[in-house]
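Reader: I'm new to this. Can you take me through this one?

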Amino acid sequence: METPGLLLKREREARGLTIAELARITRISETALENIEKNAFDEFPAQVFVRGFLRNYARQLSIPAEEIMESYDAWMRQSNAQVATPSVVEVAQIAPANYDEEVASQATQRVPEHSMRFAYVAILFIAIASVGLSLLFMGTGEAEEGDVDFMIQPNAAAESPFLISNGSQGWVVE
């Protein structure tokens, strides 16, 4: 079975195109095209990029995209099967000598449960503080009987910190 990278590379070379020329035409970086030709698909951030680049590459070379996608899917199945089934020798090399003891000790260790107690206390404290402060600063909006100092009489002159006053002749700038 031919890999998708080998199929695309062979067709590109048969047409006499360089990677730089193909990168300019497809607007795919030269590095990405080289990774495709080397079947280094794990260099891409996601499989969706690989699929899009393969389709674009194949379209520019007038190769049916389905043929390349089938080759890519077969290559992925084969490479995933090789990764998923390690040999007995590989497992024996990976597993430490006291593997059974480690598994038993990990099974008996209690994993601490995640607690949201601090978050609940913090939220409750913020809610209580908000209600307390709003009650403390809340007023009726009307002056009380003892607050005569702040009430302005309709015909009285009021002093302004901005050197503007309301006198008998209207607002005057001092």
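Reader: Let's start with L135. Buried or exposed?
Author: L135 has 56% relative accessibility, so it counts as exposed. The cut-offs are these: buried is under 20% relative accessible area, exposed is over 50%, and partly exposed is in between (1.4 Å probe, protein chains only).

Reader: What kind of model is this?
Author: It is a predicted model: local features need pLDDT of at least 70, side-chain atom pairs count only at pLDDT 80 or more, and totals for chains, interfaces and linings use all residues. Residues are numbered from 1 along each chain as its sequence is written, and side-chain values use heavy atoms, with hydrogens and water left out.

Reader: Where does L135 lie?
Author: In helix 8. Helices (H or I, at least four residues) and strands (E, at least two) are DSSP runs, numbered from the N terminus.

Reader: OK, whole chain now. How many helices and strands?
Author: The protein chain has 8 helices and 2 strands. Along the sequence the pattern reads α-α-α-α-α-α-α-α-β-β. Of the 174 residues, 21% are buried.

Reader: Let's look at I68. Is I68 buried or exposed?
Author: I68 is buried, at 0% relative accessibility. I68 sits in helix 5 (residues 65-84).

Reader: Which residues does I68 touch?
Author: P4, L7, L8, L54, A58 and I63, leaving out residues up to four places away in sequence. A contact means heavy atoms within 4.5 Å. Take L54: I68 and L54 are 14 residues apart in sequence, and their C-alpha atoms are 7.1 Å apart in space.

Reader: New topic, aromatics. How many aromatic pairs?
Author: Rings of Phe, Tyr and Trp (its six-membered ring) pair if their centres lie within 6.5 Å; planes under 30 degrees apart are stacked, over 60 edge-to-face, and the rest tilted. By this rule there are 4 aromatic pairs. In one of them, F44 and F53 have ring centres 5.7 Å apart and planes at 65 degrees, so the pair is edge-to-face. F49 and F53 also pair, with centres 6.5 Å apart and planes at 45 degrees, so that pair is tilted.

Reader: How far apart are F49 and F53 in helix 4?
Author: They are 4 residues apart in helix 4 (residues 47-60), about one helical turn. An α-helix has 3.6 residues a turn, so residues three or four places apart point the same way.

Reader: Which residues form an aromatic cluster?
Author: F41, Y72 and W75 form one.

Reader: Last one. How many salt bridges?
Author: The whole structure has 5. A salt bridge is a side-chain nitrogen of Lys or Arg within 4 Å of a carboxyl oxygen of Asp or Glu. One of them joins D73 and R51, at 2.5 Å, N to O. That pair links distant parts of the chain: D73 is in helix 5, R51 is in helix 4, and they are 22 residues apart. E11 bridges to R15, with the closest N and O atoms 3.0 Å apart.

Reader: Which residues are linked in a network?
Author: R12, E13 and E37 are linked by salt bridges.
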